[in-house]
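Hi,

Here is the structure I promised to pass on.

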Amino acid sequence: MTRERLSLANLGSVPASMRPKVDPRSIGVGIVHLGIGAFHRAHQASFTEDALAATPGNWGICGVTQRSGAVAAQLLPQDGLYSISERTDAGTRASVVGVVREVVDGSADPAEVVRRIASPEVHLVTLTVTEKGYRRDPRTGTLRWEDPEVEADLAGRDPRSAVGQLVAGIRARRHRGSGPLTVVSCDNLADNGRVLGRLVTDLAERGEDGSATTGWIEEHVRFPSTMVDRIVPATTDADRAAAAGLLGVADHAAVVTEAFRQWVVEDDFAGPRPAWEAAGVLLVGDARPWELAKVRLLNGSHSTLAYLGQLAGSSLVADAIRRPGFEGVVRRLMTVDVEPTLAPLPGLDLAAYEEQLLERFMNRALPHRTAQIAADGSQKLPQRLVGTVSDRRRQGGEPLAALLGIAAWMRFVVDRRDEQGNPLPVDDPLSGAIAERTSETSVAGAVVESLLDWPAVFPPGIAEDHFVRDTLAELLDRLRRNGAEATARHVVDASR
Ligand code: CS2
């Protein structure tokens with residue numbers, strides 16, 4: 001059956017309980033969002049919609065697609081409308097979100113992105129461009145100047161990198177007198193706001209009007225750090241069909257997610273903002289301890305489960321966590337390896353938080369693919385697992401579960417076959433470099449050495465830590481010989 005597409009014109013045929021909480025026609029744009037993928041639509045847009053339902057204001061979102069126009073093609077014919085389906089064991093709750101008021105295809109129309117950031121009615125730019133979208137060199141903390149996209153943006157074309165878009169937009173704001181701006185990174189990076197602030201300032205400094213722009217940034221632009229959390233699997237055709245069944249109209253931009261959502265933002269804004277606190281957003285003085293806890297506990301567990309699951313043949317997180325030994329590894333990672341590295345977080349009951357994470361991983365109503373989480377490991381591992389290892393080693397600990405996660409990543413990206421011999425979907429911006437580094441030998445100890453001694457992923461000095469090196473080599477060898485389940489059980493037994 002061909003259904004009509006969701007749009008403002010046919011919103012009346014959507015069941016009343018599923019319509020937007022605010023009238024989309026009444027909201028002006030006040031936010032530009034870079035990277036309008038499924039995560040943003042299920043997270044920041046959903047919080048903003050709820051905030052507007054409580055306290056009206058012109059906080060509509062202009063969503064920018066960064067790499068492909070696919071999302072623009074999904075949202076534009078629908079006037080920016082899309083549905084969120086929350087999946088729990090008790091069933092699905094669908095609702096249409098109305099706060100996305102404009103969509104710009106950043107690859108087709110980069111000048112429009114700059115114009116929108118420079119508009120006086122825009123006060124916020126939020127970003128979800130993934131870890132690799134920052135184009136940052138972990139060795140120096142600044143941009144990878146040799147990156148062709150960075151070079152091209154610096155040379156003055158209409159910018160296409162996220163940092164390039166911000167700098168050009170900020171420069172235009174200064175020229176036009178559009179007023180201050182707050183830039184909110186919503187990616188899973190430790191201290192994401194300060195990281196981004198540094199990249200923007202460094203690029204601005206080398207570009208046109210360098211010192212005038214950096215001076216203006218210093219005075220008029222803020223970069224609060226944030227912690228964002230909601231599990232949002234990539235939408236499938238089956239998800240879109242289910243959404244259409246509930247809505248009565250087709251929704252090509254549908255997203256599915258869990259009921260849980262959390263957003264912690266530093267209360268450091270250059271100008272006005274939506275009343276996000278009315279939607280449950282936590283505004284804090286320092287978001288860093290929240291981000292560190294979330295990235296190491298949730299994302300560290302996710303990556304460990306994803307690589308172990310991929311090796312053992314579990315394509316879904318909810319299946320992986322049920323394999324013998326895997327839950328035990330995640331528990332050990334959280335309580336023995338990560339917890340001692342975290343600063344105390346008043347008001348957060350860590351034990352309850354960890355139990356809740358395990359329940360979220362177990363959620364069978366929300367099929368979350370291990371392949372999705374396994375992607376871009378070289379960009380994710382440093383903040384998810386490697387930081388835990390470094391901190392624990394400094395404290396004299398033996399972070400076996402975090403090391404198992406890293407060893408499983410190594411087997412995934414180097415051997416590229418699961419335990420049944422099936423090819424694995426390695427998707428990583430550094431996969432070429434990984435293959436080059438490990439082409440000489442497949443011996444576990446040598447593979448570990450060639451990867452550990454790589455500043456793009458691992459901090460300097462870690463390769464000299466014999467415990468880290470030997471344990472990784474042993475675990476990689478065990479993964480190859482005995483498989484992921486037996487190796488997970490070995491790590492759990494060693495923790496007793
Ligand atoms: C996941 C995250 O894909 C991944 O790497 O670990 O997207 C995760 O689902 C979110 O950070 C949850 O907040």
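Predicted model: local features only at pLDDT ≥ 70, side-chain atom pairs only at ≥ 80, totals over all residues.

Residues are numbered from 1 along each chain as its sequence is written, and side-chain values use heavy atoms, leaving out hydrogens and water.

Overall, the protein has 20 helices and 12 strands; these are DSSP runs numbered from the N terminus (helices are H or I with at least four residues, strands are E with at least two). Its radius of gyration is 23 Å, which agrees with the value near 23 Å for a compact globule of 496 residues. That radius is taken over C-alpha atoms, and the globule rule is 2.2 Å times the number of residues to the power 0.38. The C-alpha atoms fill a box of roughly 60 × 55 × 45 Å along the principal axes.

Now the sheets. One is an open, parallel sheet of 6 strands in the order β5-β2-β1-β6-β7-β8 (strands pair if DSSP finds at least two bridges between them). Its edge strands, β5 (100–105) and β8 (221–222), each pair on one side only. Within it, β6 (residues 124–127) and β7 (residues 181–185) run parallel over 4 bridges, and V125 has V183 in β7 as its bridge partner. Helix α4 (residues 110–117) packs on this sheet, touching β1, β2, β5, β6 and β7; contact here means heavy atoms within 4.5 Å.

The other sheet I looked at is open and mixed, with 3 strands in the order β4-β3-β10. Here the edges are β4 (91–97) and β10 (255–257). Strand β3 (residues 82–88) pairs with β10 in the parallel sense over 3 bridges, and I84 has V255 as its bridge partner in β10.

Finally, the helix pair: α10 (residues 288–312) and α12 (residues 326–338) pack at about 150°, with axes 10 Å apart. Axes are lines fitted to C-alpha atoms, for helices over the stretch in contact, and angles run from 0 to 180 degrees between N-to-C directions. So α10 is roughly antiparallel to α12 (that term covers angles over 145 degrees). Among the residues that meet are L297, L305 and L308 in α10 and F326, V330 and L333 in α12.

Cheers

Notes: Parallel < 35°, antiparallel > 145°, perpendicular 65-115°, else oblique.
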